Amino acid sequence: SLRKDMASTVLELLSHDRSQTFTTPTAYDALVACYVTDAETSGPALTTAELAPLLGEQGALGSRNCRVGAMKALDAVASSHPKLVKNNPLVENRIWMNCFDKNESIQVAARAAWQTVTGASGDV
C-alpha cells in the first residue's frame, strides 16, 4: 500500500543521522503523519498490514532514531485506532521491549506508547 511504502521511506531516512537536520516537519512528524486518519481523511482505512514497517528491522527493531519514530507512530495509531493495536501481541511486544532500551529517548517514547495502548499509568 502507499501508506506502507511512505512509512518505509521515512524509516529509511531515520536510519541516517542526517534525518535530524530536517525540521518543520521533523522526520518523526512525517512518520506519524503517514498513519494519521480522521473523519476528514478520504484515504483508505488503516490496516494492521500497514503497521509492518513500524514493527520490523526498519522500525521497532532498528536504529535509535527508527525506534523512537516507530514508538511515536504506534502511540499515535493507538490514540486514534485503539482496536487496531489493543491486544495485538506483536505490537505490545515491540513497545514493551523498547520500554527497557538503554537509550532514554527510546524508553520515553516507548513508555508513552505503552501507556496509550494499555491505559496504564505510571512506570512500566
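What you see is a predicted model. The largest nonpolar core has 34 residues, and those touching the most other members are Leu14, Leu31, Tyr35, Leu51, Leu54, Met71 and Ile95. At least two core residues come from each of α1 (2-14), α2 (27-34), α3 (52-55), α4 (64-80), α5 (82-85), α6 and α7. The most is given by α4, with eight residues. As a general remark, nonpolar side chains in soluble globular proteins tend to be buried together.

Let me take Leu14 as an example. Leaving aside residues up to four places away in sequence, Leu14 touches Ser19, Gln20, Ala27, Tyr28, Leu31, Ser63, Asn65, Cys66 and Gly69.

I turn now to the cysteines. How many disulfides does the count come to? The count is zero, with a sulfur pair required to lie within 2.5 Å. Cys34 is in no disulfide, as its nearest cysteine sulfur, that of Cys66, is 13 Å away. Cys34 is buried, at a relative accessible area of 7%. For Cys99, the closest cysteine sulfur is again in Cys66, and the 18 Å between them is too far for a bond. Cys99 is also buried, with a relative accessible area of 0%.

Finally, consider Asp101, located in the loop between α6 (89-98) and α7 (104-118). Is Asp101 buried or exposed? Its relative accessible area is 19%, so Asp101 counts as buried, the limit being under 20%. A polar atom of the Asp101 side chain lies 2.8 Å from the backbone nitrogen of Asn103. Beyond four places in sequence, Asp101 touches Arg67, Ile106 and Gln107.

Definitions and conventions
Residues are numbered from 1 along each chain as its sequence is written. This is a predicted model: local features need pLDDT of at least 70, side-chain atom pairs count only at pLDDT 80 or more; totals for chains, interfaces and linings use all residues. Side-chain values use heavy atoms; hydrogens and water are left out. Helices (H or I, at least four residues) and strands (E, at least two) are DSSP runs, numbered from the N terminus. Buried means under 20% relative accessible area, exposed over 50%, partly exposed in between (1.4 Å probe, protein chains only). A polar contact is a pair of N or O atoms within 3.5 Å; within protein, one must be able to donate a hydrogen and the other to accept it, and residues adjacent in sequence count only if both atoms are side-chain atoms. Contact means heavy atoms within 4.5 Å. A nonpolar core is a set of buried Ala, Val, Leu, Ile, Met, Phe, Trp, Tyr and Cys residues joined through side-chain atoms within 4.5 Å.
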